[in-house]
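I opened this model to look up a few residues and their surroundings, and I note below what I found in the order in which I looked.

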Amino acid sequence: MTKAFAGAGVGNGTDTGTGTGTGAGAGAGVDTGGRAERLRQCLQAAFTPLELSIEDESHMHAGHAGAQGGQSHFRVRIVAEAFRGVGAVARHRQVYAALGDMLKTDIHALSIAAFAPPE
């Protein structure tokens, strides 16, 4: 599956899973593409997901307090065996734990859709 994220500028981009991508993000000088890649690496390491998509929505929050501070807004969709038999709140807690300090320093807002296969 293609992973979506964005770099510096405006608009959306696509990451094909190679660690490189094209596109745009929150604003000039903000490396949201690097954050998306770190987010992807954390989630890959923690869950070995069957499916993972990451969308940087920072461009939709230009002027927002979190965006001004250089933090980013992301939407994550993840499918992993680790979520089997686990409730929605616990799944979100697992994702938060996997991201650790990124939630304090790099991510202002995170929308999570976490599923066990074949949900």
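**Entry 1: Pro-117**

I began with the contacts of Pro-117, which touches Leu-50, Val-79, Ala-80, Glu-81 and Arg-84 when residues up to four places away in sequence are not counted; contact here means heavy atoms within 4.5 Å. I keep in mind that this is a predicted model, in which local features need pLDDT of at least 70 and side-chain atom pairs count only at pLDDT 80 or more, while totals for chains, interfaces and linings use all residues. Residues are numbered from 1 along each chain as its sequence is written, and side-chain values use heavy atoms, with hydrogens and water left out.

I placed Pro-117 in the segment after strand E6 (107–115); helices (H or I, at least four residues) and strands (E, at least two) are DSSP runs, numbered from the N terminus. Pro-117 has a relative accessible area of 15% and is therefore buried, where buried means under 20% relative accessible area and exposed over 50%, with partly exposed in between (1.4 Å probe, protein chains only). Glu-81 is 36 residues away from Pro-117 in sequence, yet the two C-alpha atoms are 6.5 Å apart.

**Entry 2: Arg-91 and helix H3**

I next looked up Arg-91, which sits in helix H3 (residues 88–99) and counts as buried because its relative accessibility is 7%. A polar atom of the Arg-91 side chain lies 3.0 Å from the backbone oxygen of Phe-83. Neighbours within four places aside, Arg-91 is in contact with Phe-83, Val-86, Ala-114, Phe-115, Ala-116 and Glu-119.

Which residues of H3 are buried? I found Arg-91, Val-95 and Leu-99; they cover an arc of only 75 degrees around the axis, so they lie on the same side of H3, the arc being that of the directions from the helix axis to the C-beta atoms. On the other side of H3, I noted Val-89, Arg-93 and Ala-97 as exposed. Just after H3, Gly-100 takes a positive phi of about 50 degrees.

**Entry 3: the nonpolar core**

I then turned to the largest nonpolar core, which has 19 residues, with Leu-39, Leu-43 and Leu-110 having the most contacts inside it; such a core is a set of buried Ala, Val, Leu, Ile, Met, Phe, Trp, Tyr and Cys residues joined through side-chain atoms within 4.5 Å. Helix H1 (32–47), strand E4 (51–56), strand E5 (72–79), H3 and E6 each supply at least two residues of this core. Leu-43 touches several residues beyond four places in sequence, including Leu-52, Val-76, Ile-78, Val-95 and Leu-99.

Note on methods
Polar contact = N/O pair within 3.5 Å; in protein donor to acceptor, adjacent residues only side chain to side chain.
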